[in-house]
Amino acid sequence: MLTLAVRTLRSRWTTFTGSFVALSLGVALLTVMGLTLASSLHAPEREPERFAAAPAVVQGETTLRVPTPIGDRTQTLAHPRPVPPKTVAALRKLGKVTQDRTFAVGDGDAREGAGAGAKGGAGAGAGAGGKGGAGDGLIGHPWPTAAFAPYRLTAGRPPRAADEVVATGDGMAVGERVRTAHGTVRVVGTARVVQTKGANGAVRAPVFENALFYTDARATELAPVSTQLVVEAPPQAVRRVVASSSTVSSGAVFSGTVSSGAGARVLVGSERRLADADPDRDAEALTTLNALFGTAGGVTGFVSVFVVASTFAFAVVQRRREFGLLRTAGATPGQVRRTVLAEALLVGVVASAAGCALGAYAAPWLAERVVEGGIAPAWFTIGDHVWPYQTAFWTGLLVAVSGATAASWRAGRTAPTQALREAAADERPLTRARLLCGAALLLTAAVTLALALLTDPGDLLHRKTYTSRPLLLITATALLSPLLIRPLIRLLTPRGMLVRATTTTAARRTAALAAPVLVTVALTGSLLGATATLDDARAAEARERTHADFVMTSETGLEARTLDRLRTVPGAEVSPTASSEVYVLEEGVALVKSEARAADPKLLTTTTALPLTAGRIGDLSDGSIIVNEEWARHEVGARVTVWLGDGTRRSLRIAAVMPVGTGDNGVYVTPANAPGAVVDRVEVRVKEGADATSVRAALRSAAPGATLLTRDAWLAAAHPTPGLMSGDATTRLGHFLVLGIALLYTALSLANTLLMATSDRARELTALRLAGATHAQVLRLVTLESLTVVAVGAILGLLVTTVNLAGMWAALGLQSVRSPIHVPWPELGATAAACALLAVAAAVIPAGLALRGPAGGRR
């Protein structure tokens, strides 16, 4: 059988080329996804940056730790606590104590002087009191902390006045004036980090933040709360003082590196990196990258398996007469099956090896793209991993053999009389096994959707769910497509046309050709449509909730003086809110974090209409909270134990309950229950009879560093129009990874399958020429056939898209969100048009080559 298989491959290489290409591309994609996924599992340990030369850093409480029957549960605090004053006093007896303060000051490109006018204003930065890194705008620090990086002056002098700073960003020069959210400052010096080697031998980056260093007095004024400090004393002595003087907060235990479990912790050695800006940013970035590649790998794996199995099955269908000849020559059904399996094994080994080699070259290119797109950290590269190659190779081989196994049983049942057949008509385009599998998958898709709607409709709105759920329905539709092809073709083509006869007679071939189009259109419509529908639903929620005429935002936070000026603006009703978090222990074992906004309930009602299922906004007070139905306990009047953003334990009464919605309905508390939160948004309602233009001008004057937008402009900025190319570069690259690679693969498979089908029809096309058809008429027939097949696949894909989006629409309705289905018609049209162009080219070119020369000269 092996010898026969080798000779068959040599003589029918055109038939097996399609299977080889499909399998090698599938294995290459699996290799690329496996390598990138393996490389994103672990982040290298960062070396300390701002405190690389500090003897010891003492940090206040940053992590909430709550004991449960199955172990402690932890969450990172939204508002870390400062080191207790008595601990600071005790540390001062050991040595010099330098308080660290980090605060956002505005956009690093807002400069004056040097022949340039003022540019910008307060720009993107970390939240007030938070920490930012390079690329997050200008970050402020006290000048005394510069020595711990260590920073060294490269020009100028240290700051001495409140409006003087030392700059670390590239391009800054002494004498420049920089406009910040806290006023214009003058650069009196520039500094740069002294390069040193870390414990792992790596040289630290000379620029890791874009910072302005203020005088200690000015930094204290801008950031009164300090959550960490440097002690110039022996680390062991610092540990003893912290362990003896720190206290444990009531109701919770806070993590620390000291053995006693005290709230404050001492950081030395490599632990000092935990005092840097967002020390876990690499791990968080890799978690996002891991999820992205995992989703892309799952979709790619499904598409590759689907296409490869379909291609192998189609190759067997094309060889019915050949198998009939083998049976006539005396071959048993078992020998025919073993021949098909041997062929698949040979093709699978070679194609899988080629795919692994191709994937090894493509993976580094993809890694460079995700780094350029900002999805991955700058250091991310493809590591030396073996298991992705093994997984991709054996998966490809398994898919080849599995796809050929089902086809081999059909080949083994080929009767010797098949050798005498000349017609390409399918007596039974839908086998019993295919019908049963398709029906089972369709029933599974329907039952799981119904169960999700009845038990947990919110699960249908999660990215993993609406990315994976369409795959089940796509497979079911593809398996059952022969039942739908003939009715659809009769609907699309007039009676009596030859194109109707050729496409309906060879229904199995038509189904194989329509399958890649079905996958392409269904994936495009389902994934982009789900994202767009969910985005539209969120935008609809925001529109219904926001009754303000203007919305002012500031990523650096608004000071109390600024808020006082805003409240005195004539004709304006202002409602300031701050972002915070609360934590609740559900079922005694799960510490759940909820996003929260702190607001004055009386002011909130003037600008915001919260969707409520029970209770009233006006009942919100310092002793109560507004929650949503996703909370385990959400009855009005019930009391819940929560931990606030700074870890304080409180028992609050539920004043009102919101629906879950799209997941953006967090909780609401009063400012008294959001200690440490800084106002970052102010919604403004123009009083009746007041002039909106005058109010707007007064608001700008009261807070010149903040961003002021009209309601419609703010909603448009917060919820941009969805689409394949909308959003930022990260979103577009995510679309490319999850959808673009799979669509490219199916497009190539469409062209590949059409080339196989058209090449196999050389005798049929020649017969048409002998019957009197002109060269142009035959090519026109091939073109119309290709367009008909693409139309059938597109309609089936649109059907799958409609069902998937209808399920999401029903889930949104059950979540109390009224939003229409958003079908991505431009993307679907572009996808269908691309498939049509590709199909016509892949069918007409080989047909034209087959028809070269006079018709009578062919046999």
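Ring pairs join W143, Y151 and F213 into a cluster; rings of Phe, Tyr and Trp (its six-membered ring) pair if their centres lie within 6.5 Å, and planes under 30 degrees apart count as stacked, over 60 as edge-to-face and the rest as tilted. The model is predicted: local features need pLDDT of at least 70, side-chain atom pairs count only at pLDDT 80 or more, and totals for chains, interfaces and linings use all residues. Residues are numbered from 1 along each chain as its sequence is written, and side-chain values use heavy atoms, with hydrogens and water left out.

A search of the whole structure finds four aromatic pairs. One of them, F103 with Y214, is tilted, at 5.7 Å centre to centre and 55° between the planes. F103 lies in strand β5 (residues 103–106) and Y214 in strand β12 (residues 211–214), 111 residues apart; strands (E, at least two residues) and helices (H or I, at least four) are DSSP runs, numbered from the N terminus. Both F103 and Y214 are buried, that is, under 20% relative accessible area, where exposed is over 50% and partly exposed in between (1.4 Å probe, protein chains only).

W143 and F213 form an edge-to-face pair, with 5.8 Å between centres and 85° between the planes. This pair too links distant parts of the chain, from W143 in the loop between β7 (138–142) and β8 (151–156) to F213 in strand β12, 70 residues apart. W143 and F213 are both buried.

The largest nonpolar core has 61 residues, and V303, F306, I474, V517, L523, L754 and V792 have the most contacts inside it. Such a core is a set of buried Ala, Val, Leu, Ile, Met, Phe, Trp, Tyr and Cys residues joined through side-chain atoms within 4.5 Å. Helix α13 (residues 507–545) gives the most to this core, with 12 residues.
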